[in-house]
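Let's take a friendly walk through the charged side-chain pairs of this protein. Have the viewer open and follow along from pair to pair.

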Amino acid sequence: MSIRFVAAALAFLSCVLSTWSGAQTLTLGTKLELNTLDPHFFNAFPTGSSHSTIYEALVSNDENQKLQPALATSWKIVNDTTWEFKLRKGVKFHDGSDFTADDVIATYERVPNVPNSPNSFAQFVRGIASISKQGDDTLVIRTKQPNPKLAFELSRVLIVPAKIARSATTADFNSTRAAIGTGPYKVSEWVNGDRLVLTRNDAYWAGKQPWAKVTEKVIAKDPTRVAALLTGEVDAIDLPAIADLPRLRNDKRFTLSKGPAGLVHYIALDSARDVSPNVTAKDGKPLAKNPLKDSRVRKALSLAINRNAITERLMEGSAVPASQLVPTTYPGTSQKLKPDAFDLAKAQALLKEAGWSDGFRIVLTATNDRYPNDAAIAQTIAQMWTKLGLKAEVEAIPGSVFFGRASKQDFSAFAAQYGSEEAGSGIRALIMTPDPAIGAGTANRTRYSNSKVWPSRIRPSSRFSTRSSTTLRRKA
């Protein structure tokens, strides 16, 4: 299979530094900006992190990505295409209304129809053929085809009240009027780009949380975020700069929390178009064809990357070379896949075989404010491609600009990151042929498509039917 990705490094340590001393308030300094309170608008890291404290799904994941009961207490596979979920009783939304099966049905109907989503959650409900309820606490979900990952997929879809799901817009959520869930915290205030203030939900079904008030404060610049921690302006920070880790690790005031993160740093190559905007001859003149369409060229670019050097030196051991889109400890991964080993001689031979022994000019675009060393990793890869014989340049831009331009196919090569709880999510979002009807290719920004893997065919609609069935039982 010909794939457009060159996996570079998997960020394996998701770090938070804490100075909490038992107070009732907690202030977090966070690098990434939460850009919406709509839980179905943008499948991204900031939303996945913050929204899970406000809203909940039927199923949750623990730190090892094992499924845990949430709004559903249990689930079972009835047959190849039928699942039954038992819903938790006695759960209330933040507005005091009862959680029922109708809320789940209305939420799943809303998800594919949220307009202008940069990365739609439709991919997680695309396989549902119908939903029926048996009373208010049992759901029967039928899928269009066997889907053993359904529970994993539904863990990504957060539930809102039916009345909100049927009428609220993204603007309604962002105004906080519709930001109502069943989670441990309620929204008190949200200022886009600045802060999210949460207050404890004392009626939370799983019990009160330790802090009465939690504030997430956006501090995008790494030095400023660390300074805020050192001065006590915040109690904890996320994503500390790699260079600051030794200093913070040795400071007894702080605790470093770390663990495997399902975050892959990858390079997407424009292999779909005959002419690519930022691939030219070394003197800047247009090329007759796009070299990235040749699988030998893409393989050469991969072999020219010294992943061990990036993970051990640049990332100081806080990453590992990636063989696939999530850590091999996650469900659905292969133990047989291995990262491409650095082999400059073989890379140069492949480039020559493909007819590009003299190289070409290529611009690698990356974010400069999203993840630890994101721009530095791009610069390092460009240097490695230069040793291969290319004229490699880097364009580092803010994430707020990057993703919109990437979706418009402004780039020939870009470095980005993607995270998921299991292997299939990344494949579906990054590699599958874009198809809004089934939620495929939602983050496939180069429009890569391989008919040998995903043949053209008539695809079913993403809509599904619902029906209600009530079972009457004789009282004991």
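Lys-293 is partly exposed in this predicted model, its relative accessible area being 38%. Its salt-bridge partner is Asp-274, with N and O 2.6 Å apart. Asp-274 is exposed, at 54% relative accessible area, which puts it past the 50% cut-off for that class. Both residues sit in loops: Asp-274 between strand S15 (263–269) and strand S16 (279–280), and Lys-293 between S16 and helix H8 (295–303).

Now turn to the strands. Arg-361 and Glu-393 form a salt bridge with an N to O distance of 3.2 Å. Because Arg-361 belongs to strand S18 (residues 361–367) and Glu-393 to strand S19 (residues 391–397), this contact ties together parts that are 32 residues apart in sequence. Arg-361 is buried at 18% relative accessible area, while Glu-393 is partly exposed at 28%.

What about helices? Arg-428 pairs with Glu-153 in a salt bridge whose closest N and O atoms are 3.2 Å apart. Arg-428 lies in helix H13 (residues 423–431) and Glu-153 in helix H3 (residues 150–154), so the pair joins parts that are 275 residues apart in sequence. Arg-428 is buried, with a relative accessible area of 2%, and Glu-153 is buried as well, at 1%.

Finally, zoom out. Searching the whole structure gives 27 salt bridges. Some charged residues are joined in a network of salt bridges: Lys-31, Asp-222, Arg-225 and Asp-238.

Key
Residues are numbered from 1 along each chain as its sequence is written. This is a predicted model: local features need pLDDT of at least 70, side-chain atom pairs count only at pLDDT 80 or more; totals for chains, interfaces and linings use all residues. Side-chain values use heavy atoms; hydrogens and water are left out. A salt bridge is a side-chain nitrogen of Lys or Arg within 4 Å of a carboxyl oxygen of Asp or Glu. Helices (H or I, at least four residues) and strands (E, at least two) are DSSP runs, numbered from the N terminus. Buried means under 20% relative accessible area, exposed over 50%, partly exposed in between (1.4 Å probe, protein chains only).
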